[in-house]
Amino acid sequence: VVEQGFGGALDEKAIDPIAVFTQNINASKVDIFQRREVEQLVTLTADGGAKVERRVTLHNDTPDGAFFDSTQKGYFTAYAGNNVMVYRPPTAVTAGAVSIKGDARSYPDGLGGYFYRWRGLIRPKGSQTFVLRYTLPPGTYPDGVYRGLAQPQPMLKPATLTVRVTGADGTQAAPVTVTVDAPIDIVVPTR
């Protein structure tokens, strides 16, 4: 499985892996209706570093009129229970995880990076946003071109990723929006 590239490993050569994963924690498995939006806000700095804010919004799009009840746990609930894992690359320094409710923790990946985990429930037709902020060191982007690698989790509804980059001189590049159903190199010049 691992040798064929299906083991879930992240690309260790990626400068800024944009990786978000969820794990169902509720018996009803309504996470199949999950819709995920990821927004990557990047500000390049004059020394070639970057300030990154990754906003992950999960929507619980459980259909109306289904057999689900109003309890929050169990086989018939429409509440989505999730572990949400957001990746921070090894070269990054975390400025903080914010805007979350529930149990939030960080875990090392064994290669120098970290996964930040949020655990909680999302009501039917509701959403929850997780925000992770970090900085990448000077010299990461010396040419003023942002490079990231979107690394997807297979889902019924593939995630939407929007990358917005502001150059060190304040120039804003046109936003890039893609549907992530396979690894995608994201390259955004600001000059």
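Guide: Helices (H or I, at least four residues) and strands (E, at least two) are DSSP runs, numbered from the N terminus. With that in hand, we can go to Gly126, which lies in the loop between β7 (114-122) and β8 (127-136). The model is a predicted one, in which local features need pLDDT of at least 70 and side-chain atom pairs count only at pLDDT 80 or more, while totals for chains, interfaces and linings use all residues. Residues are numbered from 1 along each chain as its sequence is written, and side-chain values use heavy atoms, with hydrogens and water left out.

Although Gly126 sits in a loop, Gly126 counts as buried because its relative accessibility is 5%, where buried means under 20% relative accessible area, exposed over 50% and partly exposed in between, for a 1.4 Å probe and protein chains only. Once residues up to four places away in sequence are set aside, Gly126 touches Leu58, His59 and Asn60, a contact being heavy atoms within 4.5 Å. Asp61 stands 65 residues from Gly126 in sequence, yet their C-alpha atoms are 7.6 Å apart in space.

Leu58, His59 and Asn60, which Gly126 touches, fall within strand β3 (residues 50-60), and Glu53 is found in that strand too. Glu53 counts as buried because its relative accessibility is 13%, and its side chain makes a polar contact of 2.6 Å with the side chain of Arg133. A polar contact is a pair of N or O atoms within 3.5 Å; within protein, one must be able to donate a hydrogen and the other to accept it, and residues adjacent in sequence count only if both atoms are side-chain atoms. Beyond its neighbours within four places in sequence, Glu53 is in contact with Val131, Leu132 and Arg133, and also with Glu39, Gln40 and Leu41.

In the largest nonpolar core, which has 33 residues, Tyr146, Leu161 and Val163 touch the most other members.

Stepping back to the protein chain, the secondary structure comes to 0 helices and 12 strands. Of its 191 residues, 43% count as buried, and among contacts with a separation of 6 or more, 70% join residues 24 or more positions apart. A nonpolar core, to complete the terms, is a set of buried Ala, Val, Leu, Ile, Met, Phe, Trp, Tyr and Cys residues joined through side-chain atoms within 4.5 Å.
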